[in-house]
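Colleague: I have a model open and would like to learn how to read its features. Could you walk me through them?

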Amino acid sequence: MKRIICSFLIIGGLTQAGRAASTLTVDVANPVGKVSPVLYGLMTEEINYSYDGGLYAELVRNRAFLDNSKQPVNWELLKPAGANGAMALDFKTPLNDAIPASLRVDATSASAAAPLAVANSGYWGIPVIPGARYHASFFAKAANFSGPVRVSLVSDDGAKVYAQADVPRLTADWKQYNLTLRTEFAVAPTTKARLVLSVEHSGTIWFGFVSLFPPTWENQPNGFRKDMMQMLIDLKPKFLRFPGGNYLEGNTIETRFKWKETLGPIEKRPGHPSPWGYRSTDGMGIAEFLRWCEDMGSEPVLAVYAGYSLGGMHVNPGADLEPYVQDALDEIEYVTGPVDSKWGARRAADGHPKPYPLHYVEIGNEDWFDKSGSYDARYTQFCNAIKAKYPQLKCISTIGQDQPADKRVHSITPDVLDEHYYENADSFIRDAAHYDHYDRSGPEIFVGEWAAHETSFPPWDNRSGKEAPTPNMKAALGDAVWMAGMERNCDIVKMNCYAPLLVNVNGRQWRPDLIGYDAARIYGSPSYYAFKMFSGNLGDQQLKINLGEGSKLQSSATRDSHSGIVYLKIVNPGDTDELVNIDLKGATSVSAKASVETLSGDPTATNTIDNPAKVLPVVSKLDKVKPTFSYTLPAHSLVVLKLKAK
Ligand code: AHR
């Protein structure tokens, strides 16, 4: 239920119900500082099928036949009556040096009436999009078989063919085939479909690297899912922290994110096991991450592997660590180097001659887990080497003030500390003043992962597996209180990002997550909308606010120095409507008209893949705004008032 109430009835500072009204003073005449221009961003890694089965638009699952060393998982042999044959993984017939496997199909009996086929159901279904052109491709070679191979998009029950195209001939040598599959405009969208490769003659065929892309964001090859890109861009993220998270570190040193192995043609990328229980295709390589940043108008916050992996192994600082430091320097050169540098030239060859902007490099991830105590020396070695070559870059330590002092870096002073907070919504609300009294003389703070959970147990508790993948309104209110605190303190909290960002509702490892989706549909959680209201309504000047003693509300105010718009954010996490008396202190001119955006709802209310719009922000108008006016915030609400005042 959404209620927007504007009230002007205060009797001696009391509401009609007899409760004391809050007083919120916003000093509009004396901005206290600049708003961090990179305050709101995104954090991302391969978790919950964020890329494969998510943003990365590839529809074929196990396209390189490397997801399992024994079975061609996610592939099925279709043998209608009258057809016969077998399929098997074949490591004796590698596709190339990087992809050591192929799928061998022996068709012993096949005909036009009874074709033998292999099928792939993608990531919980392949979406059938009306009037779309899909790009299908595969490598193949054959023995005692010359063709044709039919490639089709077919309903799960085989009854409906949505699109098809033929490759007339195969040869005895590996060759890539590219086809366009076109669906009709009249087709009903569904995810109950699969990609089928079928033959009508007997013989042996080896398939390698089978791929299918729907239309992608800006039609880029090897591109991104369109609906997801739009939702991300709508958040106006100023930066993207990648590639992790745990995904950066890997369970072992060997399975860390090796950025150099993510370069080049996708059919030369073997992928690697991720710490989140499934193999990553590495279709999202460093070049794609950077393109993603650019497409969103965001800067990279580049996390470099720093010699610690989740299984507990670390690389000793000193000579042993040197190759990893060099690898990070190469990576920075790939991002920022001129085209006449070695790695800048490689970036240009990969299609992007222009260097990307980069200001922040994060050294590792959550290194407080490293029991060897080596982070101080590892960080120092990395940071000194980075600063020697790139003095303008800021180095982020992964151990912040939320961790015990003896774990933190002491040998040198980090430029920035990354702090992570996964808290119960009520804890965030209780801790609203967390950054109000932080030491201003210390390093900048990057809250590189944060999220409120509405449950009494944390995300890593097994019970989380039974909860919805995305948070409810209660969690969104905790998030809103937390964001108000960070925004109020953005002289020290320079950057923040919610984590995790994405979840395929069919394959999650972690909750709560900001955005949920399946193969065809997508939705924002209440927390998504709260984040959007914060990041999308931000001025460049920080205004001092004062909420009277005992108020249950939380708030933050900024102003756009060009337009004069004051963005006043107020959170009412309580279960009663709250009257607030707003004093625009020092205002000499206030426009009577204002706009209001409200996110409110029952704390248990939420959005789901089937009911994506239960909790949405509502925009309304306000008039009769004066230098002093009152406003009633609905129970359980986040309100952004956009006022014009100077
Ligand atoms: O966001 C999920 C995980 O939480 C991240 O990978 C890790 O950095 C943190 O522990």
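Modeller: Gladly; let's begin with helix packing. The axes of α4 and helix α5 (residues 342–349) come within 7 Å and cross at roughly 50°. Helices (H or I, at least four residues) and strands (E, at least two) are DSSP runs numbered from the N terminus. Axes are lines fitted to C-alpha atoms, for helices over the stretch in contact, and angles run from 0 to 180 degrees between N-to-C directions. This is a predicted model, where local features need pLDDT of at least 70, side-chain atom pairs count only at pLDDT 80 or more, and totals for chains, interfaces and linings use all residues. Residues are numbered from 1 along each chain as its sequence is written, and side-chain values use heavy atoms, with hydrogens and water left out.

Colleague: What do we call the arrangement of α4 and α5?

Modeller: Angles under 35 degrees count as roughly parallel, over 145 as roughly antiparallel, 65 to 115 as roughly perpendicular and the rest as oblique. α4 and α5 are therefore oblique to each other.

Colleague: And which hand does the crossing of α4 and α5 have?

Modeller: A crossing is left-handed if the near helix is turned anticlockwise from the far one by less than a right angle, and right-handed if clockwise. α4 passes α5 in a right-handed crossing.

Colleague: At what angle do helix α4 and helix α6 cross?

Modeller: The axes of α4 (residues 322–336) and α6 (residues 375–389) cross at roughly 40° and come within 10 Å. That makes α4 oblique to α6, and α4 passes α6 in a right-handed crossing.

Colleague: Let's turn to the ligand. Which residues surround the ligand?

Modeller: A residue is near a molecule if one of its heavy atoms lies within 4 Å of it. Here the ligand is surrounded by Glu45, Gly245, Asn246, Trp276, Asn365, Glu366, Tyr422, Glu449, Pro500 and Trp510.

Colleague: How many of the shell residues are nonpolar, polar and charged?

Modeller: Ala, Val, Leu, Ile, Met, Phe, Trp, Tyr, Cys and Pro count as nonpolar, Asp, Glu, Lys and Arg as charged, and the others, Gly among them, as polar. The shell has four nonpolar, three polar and three charged residues.

Colleague: How far is an oxygen atom of the ligand from the side chain of Tyr422?

Modeller: An N or O atom in the Tyr422 side chain is 2.7 Å from a ligand oxygen. For Glu449, a side-chain N or O atom is likewise 2.7 Å from an oxygen atom of the ligand. A polar side-chain atom of Asn365 lies 3.0 Å from a ligand oxygen.

How values were computed
A polar contact is a pair of N or O atoms within 3.5 Å; within protein, one must be able to donate a hydrogen and the other to accept it, and residues adjacent in sequence count only if both atoms are side-chain atoms.
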